[in-house]
Amino acid sequence: MNIFTRREVFVSTSLEKASQMRAKIQSGSVECMMICKNLNRTGRGLYYGTQIRNVMEYRLYVHKDDVELAVSLMNKPGF
């Protein structure tokens with residue numbers, strides 16, 4: 001799946017929730033790709049006493065022809 005044929009269907013900062021949604025999508029035989037991004041600020045701009053915590057963002061992508069099916073699978077009850 002290349003960048004021009006995929007569409008974003010889900011975004012979360014919870015790995016558990018993103019994994020659940022990916023499992024639901026894949027249960028319908030839809031190819032799904034998860035991309036993780038670290039949202040921490042790095043480099044300059046951090047001040048003494050600032051709490052630094054790991055914040056990850058998880059995005060799920062499917063082929064553009066499978067978007068409607070993926071959304072309907074994610075909205076099904078279960079998991």
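This is a short tour of side-chain contacts in the structure above, one selection at a time.

Keep in mind that the model is predicted: local features need pLDDT of at least 70 and side-chain atom pairs count only at pLDDT 80 or more, while totals for chains, interfaces and linings use all residues. Residues are numbered from 1 along each chain as its sequence is written, and side-chain values use heavy atoms, with hydrogens and water left out.

**Stop 1: the salt bridges**

Start by selecting Glu-8 and Arg-59, whose side chains meet in a salt bridge at 2.3 Å, N to O. The term stands for a side-chain nitrogen of Lys or Arg within 4 Å of a carboxyl oxygen of Asp or Glu. Glu-8 belongs to strand β1 (residues 6-12) and Arg-59 to strand β3 (residues 56-63), so this pair ties together parts that are 51 residues apart in sequence. Strands here are DSSP runs of E with at least two residues, helices are runs of H or I with at least four, and both are numbered from the N terminus.

With both in view, you have the two salt bridges that the structure holds, and Glu-8, Glu-57 and Arg-59 are linked in a network.

Glu-8 is partly exposed at 40%, and Arg-59 is partly exposed at 25%. The cut-offs are under 20% relative accessible area for buried and over 50% for exposed, with partly exposed in between (1.4 Å probe, protein chains only).

**Stop 2: a charge over a ring**

Next, select Arg-6 and Tyr-61. The charged end of Arg-6 sits over the Tyr-61 ring, 4.7 Å from its centre. To count, NZ of Lys or CZ of Arg must be within 6 Å of the ring centre and within 35 degrees of the ring normal.

**Stop 3: the cysteines**

Move on to Cys-32 and Cys-36. Cys-32 is buried at 12% relative accessibility, whereas Cys-36 is partly exposed at 43%. A search of the whole structure finds zero disulfides, a disulfide being a pair of cysteine sulfur atoms within 2.5 Å.

**Stop 4: Leu-69**

Finish at Leu-69, in helix α2 (residues 67-74). Leu-69 is partly exposed, at 40% relative accessibility. Which residues does Leu-69 touch, not counting those up to four places away in sequence? Show Gly-28 and Val-30: Leu-69 touches both, where contact means heavy atoms within 4.5 Å. Val-30 and Leu-69 are 39 residues apart in sequence, yet their C-alpha atoms are 8.1 Å apart in space.
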